[in-house]
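Here is my note on the model, point by point. Please read it with the structure open beside you.

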Amino acid sequence: MKPLIKMSLGLAFAGSFSLAGHSQILFTAADLPSQPGQYSRAYISTNVDVSALIGAPGGPRRWDFSQPQQPGETIRRLDITAPNDGGHGSSFPTATYAERYTDEPSGAPYWDYYSIAAGQGRTYFGFYNAAAPLPGAVMLQAAAIDIPGSITLGTNWTYSWVAYVDYEEIDVTASATVDAYGTLVLPQIGEVPALRVNQLNREQIFLGVLLLETTYFREYFWLVPGIGKAVHVISAPSTNPPSLSFAPGQEVRRMFAASGITNPPTFGPVASLHIRLQSLLAVLEWPRQTNASGYRVEALGNMARTNWQLLSQPATNSWSESLTTTQRFYRVLWKP
């Protein structure tokens, strides 16, 4: 039984206050993997209904994508490489790194080319698809910032780009908003704090001045510091904007491994967890655990439920937050 504690503010405040809802994270473009040698692996499924897992906007939310590999799911590896990996970097002279995607065990690679500038965001330059009927580098006519320098709940942005493939012009416009925050549960990795981005894309194809086709697709992706897009759900293309709760997802990507994360974190309960009030703060304290590499503070609003929410991962044996009017139960775990 993991130790837990409920906040009680004494007779003067009984029934009036408890502890604040856990805060959302601030995600910056610098939190995206961008150093050669970093990698991740993900389960890929197609045409599956994940509408029940997407959930509602707002927060805090808990999204459980921790299911083990399902029948029919494949594995895709993402490697961060230097721009000249594969021999195509000369087409993207201002890119500082590339994302190389490979479907295991022997799929043809695909590269996206980027750079990150502090305070500005991530800039996208184009791609190379070795599996295309006519492989070749596709350079954007003007680079586009696809993820701003910093985002949090409510942040919204748009970007667009134009590229030419054979004789056709491809125009893409994307409108994105951070519509939710909370805890994301990943297979073999566990619970991590995340922001969810809801993005609507419009793609138009022209032959000269003739509009050949207009399609829309919606995507949700969950951003996690240090590992980037940990879950990515993409709708099927449509002649009209897909609904917010589209089903099924044409492709669903669930990360289960990343560089620096080798096994699920193992946590144990701390002993003698105490709580006290200090200047409208709830202060949690516990004895320092021998050989602990860190701690994990979790909360629950209703003991009839089991969806503990991650609040913080402090390195020391104390933590605090402000008060609010909602009930809160706590537990603190230590990591070996």
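1. Start with the largest pocket. Strand β16 (residues 228–235) contributes the most to its lining, five residues. Strands here are DSSP runs of E of at least two residues, helices are runs of H or I of at least four, and both are numbered from the N terminus. The pocket's volume is about 1,500 Å³. Of the 46 lining residues, Y110, D112, Y124, F217 and I234 are the closest to the centre. The lining divides into 24 nonpolar, ten polar and twelve charged residues. The nonpolar class is Ala, Val, Leu, Ile, Met, Phe, Trp, Tyr, Cys and Pro; Asp, Glu, Lys and Arg are charged; the others, Gly among them, are polar.

2. A word on the basis. This is a predicted model, in which local features need pLDDT of at least 70 and side-chain atom pairs count only at pLDDT 80 or more, while totals for chains, interfaces and linings use all residues. Residues are numbered from 1 along each chain as its sequence is written, and side-chain values use heavy atoms, with hydrogens and water left out.

3. How pockets and cavities are found. The search runs on a 1 Å grid over the protein atoms alone: a cavity is a set of points where a 1.4 Å probe fits but cannot get out, a pocket is an open set with protein on both sides within 12 Å along at least five of seven lines, and lining residues have an atom within 4 Å of a point. Points are joined across faces, edges and corners, and the volume is the space filled by probe spheres set on them.

4. The cavity. The whole structure holds one cavity of 30 Å³ or more. The largest cavity has a volume of about 70 Å³. Its lining is P33, Q38, Y39, S40, L78, I80, G226, I227, A258 and S259. Strands β4 (39–48) and β6 (74–81) are the elements that give two or more residues to this lining. Six lining residues are nonpolar, four are polar and none is charged.

5. Overall make-up. The protein has one helix and 24 strands. Of its 336 residues, 45% count as buried. Buried means under 20% relative accessible area, exposed over 50%, and partly exposed in between (1.4 Å probe, protein chains only). Among contacts between residues at least 6 apart in sequence, 60% join residues at least 24 apart. A contact means heavy atoms within 4.5 Å.

6. Leaving aside neighbours within four places in sequence, W157 contacts D146, I147, P148, I151, A174, S175, A176, V178 and V197.

7. Check R254. This residue sits in strand β17 (residues 249–258). R254 counts as buried because its relative accessible area is 4%. Its side chain reaches the backbone oxygen of F65 at 2.8 Å.

8. Then R41, in strand β4. R41 is partly exposed, at 24% relative accessibility. R41 and F256 are 215 residues apart in sequence, yet 6.1 Å apart in space, C-alpha to C-alpha. Beyond residues up to four places away in sequence, R41 touches I75, R76, R77, E104, R254, M255, F256 and A257.

9. Backbone geometry deserves a look. Another joins E104 and P105, with omega about 10°. P105 lies in the loop between β7 (97–103) and β8 (110–117).

10. Positive phi values. D166, a residue other than glycine, has phi near 55°. D166 lies in the loop between β12 and β13 and is exposed, at 58%. Q188 has phi near 70°. Q188 lies in the loop between β13 and β14 and is partly exposed, at 46%.

Note on methods:
A polar contact is a pair of N or O atoms within 3.5 Å; within protein, one must be able to donate a hydrogen and the other to accept it, and residues adjacent in sequence count only if both atoms are side-chain atoms.
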